Amino acid sequence: MKYIHIVFLIVFCATALAGLTGTGPRLQPEDRIDQEQVIDGTLSLTEIREAGLKVFATPFNRADGLGDGAHDLSVSDTRDFTQGNRPTLQGNGTFLRVNGMDSQTCLECHSFVSNAEVPARMGVGGVGGINNSALFQPDRIDVADANFNGIAEFTGRLINPPFLFGSGGVELLAREMTADLQALKRQALAQPGTPIKLVTKGVSFGEIVAEVAGGMDTSRVQGINGDLVVRPFGRKGDMASIREFSVNALAFHMGMQAVEAFGGEYADEDNDGVQNEISIGDLSALSIFITTMDRPERKKTNKGVRLFSDIGCADCHRPELTTEGKYLYYKLTGSPQKPFENTFYSVDLTRSPMDFPSAPGGGVKVELFSDLKRHDMGEGLKESFSKASDQENREFITPRLWGIADTAPYLHDGRALTLVEAIEGHDSDGSEAVAAAQAFAALQEKDKNRLIKFLLSLRTPGKPNADVVED
């Protein structure tokens with residue numbers, strides 16, 4: 001009996017020294033990889049993807065750095081999630097739900113692989129349902145309808161989460177397009193006063209003129225910022241890479257700060273008492289995992305393909321863009337104008353699980369159905385975000401249609417519950433897509449059905465991330 005008491009005492013003391021069960025970080029040290037392991041090639045792609053999956057799907061807690069620190073009333077409210085210090089609902093100290101602090105994992109918002117099936121097919125990397133929509137930086141949500149006009153005024157951005165499949169091909173396309181546009185900018189600088197057309201991969205972004213006295217006239221640039229960086233991620237086309245997108249999403253949704261963007265390894269800019277919340281290695285594993293997910297599939301073709309082009313849908317929803325190379329190179333955040341400098345790792349996008357088809361010349365075909373350009377969608381789809389201009393509220397990057405059969409609801413905020421509603425939503429005052437929407441409306445019913453059936457052939461992957469996710 002004395003021996004049993006001694007063993008119990010030893011176990012009890014060891015447990016006490018290690019802390020109470022369940023109070024430590026959920027992402028354990030053995031689950032994380034170091035950046036040097038990525039750089040020196042000691043880890044296989046599968047091992048890196050496994051580490052990235054853990055960052056993606058582990059429910060973070062306060063010991064990991066979830067959330068902001070205690071609310072400091074001496075600091076002004078900037079509503080800037082990158083600075084922390086957000087209030088919490090009823091002072092619960094954990095969640096805010098409006099303006100972030102609304103989840104514990106990336107998986108919470110990216111888990112529906114197919115909403116076309118009943119019940120929905122779940123999986124890692126999918127879309128989010130309506131209840132997963134982000135409510136971004138509002139000043140006001142008039143849920144009481146104070147004006148009694150049937151409109152709940154909302155001054156933020158309502159964002160329904162898209163899926164992440166095929167994002168490696170999209171990022172490579174954007175980097176090559178950016179490199180082309182930067183070369184055209186250099187050409188303009190060498191020819192002051194001469195308009196230079198900004199065309200890459202068949203997509204026109206307007207033109208620029210270098211001024212003789214110095215500077216650059218970007219007033220005729222279209223669908224892209226004046227820095228001529230193609231940013232394919234985010235509804236507004238505001239993130240150049242999945243790595244950059246992840247930095248912002250982690251901070252906004254969870255208060256998890258990546259050290260390369262928030263002061264370094266020993267910084268604690270959100271004052272929650274936790275340092276090194278997302279290390280450089282964690283962020284590399286996460287971004288590599290996301291960009292190496294399976295690509296969407298095209299099940300079949302039919303007569304609707306031609307109709308899609310004939311009525312003008314393909315003018316913006318380009319069925320296919322082709323890269324020059326097949327390797328996606330990874331770099332830290334920053335310097336998006338130099339998309340192929342200071343890289344530390346690469347993957348071959350023709351490999352599994354990406355499996356992009358090869359293109360003549362050594363690149364890959366990316367059947368994304370987008371031009372990666374922002375377009376004015378008119379008054380009907382305009383947002384009312386108080387921090388954006390009227391024009392910015394009207395513009396959206398052309399959404400990628402691959403996988404669209406499985407990803408209802410549609411449009412940026414999920415307002416369209418069917419593909420027909422989504423197409424009709426393009427018929428908006430001032431929209432660049434009015435002609436295509438009206439051409440669809442003028443089709444005979446049998447032709448409308450052919451076009452919709454074509455769109456329903458664009459499917460999400462059958463079993464995404466099967467190499468690292470147990471069945």
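Predicted model: local features only at pLDDT ≥ 70, side-chain atom pairs only at ≥ 80, totals over all residues.
**A short walk through the model**

Hi everyone, let's start with a residue in a loop: Asn85 sits between α3 (45-57) and β1. Most residues other than glycine have a negative phi, and most peptide bonds are trans. Is Asn85 buried or exposed? Asn85 is buried, as its relative accessible area is 14%.

A second residue with a positive phi is Lys201, at near 55 degrees, and again this is a residue other than glycine. You will find Lys201 in the loop that runs between β5 (196-200) and β6 (203-210).

Before going on, a word about confidence. The average pLDDT of the chain is 93, and 96% of the residues score at least 70.

Now to the peptide bonds. Which bond is cis, with omega near -5 degrees? That is the bond from Val118 to Pro119. Pro119 belongs to the loop between β1 (112-114) and β2 (121-122). Another cis peptide bond joins Ala408 and Pro409, with omega about 5 degrees. In this case, Pro409 is in the loop between β14 (395-397) and α9.

Next, please find Ile33, in the loop between α1 (2-18) and α2 (35-39). Ile33 counts as buried because its relative accessibility is 12%, and the cut-off for buried is under 20%. What does Ile33 touch, leaving out residues up to four places away in sequence? The list is Val38, Leu43, Ile48, Ala51, Ser279, Gly281, Asp282 and Ala285. Take Ala51 from that list: Ile33 and Ala51 are 18 residues apart in sequence, and 6.8 Å apart in space from C-alpha to C-alpha.

Let's turn to a helix, α10, which covers residues 434-442. Its buried residues are Ala436, Ala437 and Phe440. Why are they on the same side of α10? Because they cover an arc of only 100 degrees around the axis. On the other side of α10, we find Ala435, Ala441 and Ala442 exposed. And the partners of the buried residues? The buried residues of α10 pack against α9 (419-424) and α11 (445-455).

Finally, some empty space. Rolling a probe the size of a water molecule over the atoms shows where empty space is left. The second largest pocket has a volume of about 330 Å³. It is lined by 16 residues, and the closest to its centre are Ala152, Phe154, Leu158, Ser384 and Asp413. Sorted by class, this pocket's lining has seven nonpolar, three polar and six charged residues.

There are also cavities: the count comes to four of 30 Å³ or more. How much space lies in the largest cavity? About 60 Å³. Among the residues that line the largest cavity are Phe205, Ile224, Asn225, Arg231, Leu372, Arg374 and Ile397. Its lining divides into six nonpolar, three polar and two charged residues.

Terms used: Residues numbered from 1 in each chain as written. Heavy atoms only, no water. 1 Å grid on protein atoms, 1.4 Å probe; cavity = no way out; pocket = protein on both sides within 12 Å on 5 of 7 lines; lining within 4 Å. Points joined across faces, edges and corners; volume = space filled by probe spheres on them. Nonpolar A, V, L, I, M, F, W, Y, C, P; charged D, E, K, R; others polar. Buried < 20%, exposed > 50% of the residue type's maximum accessible area, 1.4 Å probe, protein only. Helix = DSSP H or I, 4+ residues; strand = E, 2+ residues; numbered from the N terminus. Arc of directions from axis to C-beta. Contact = heavy atoms within 4.5 Å. pLDDT = per-residue confidence, 0-100.
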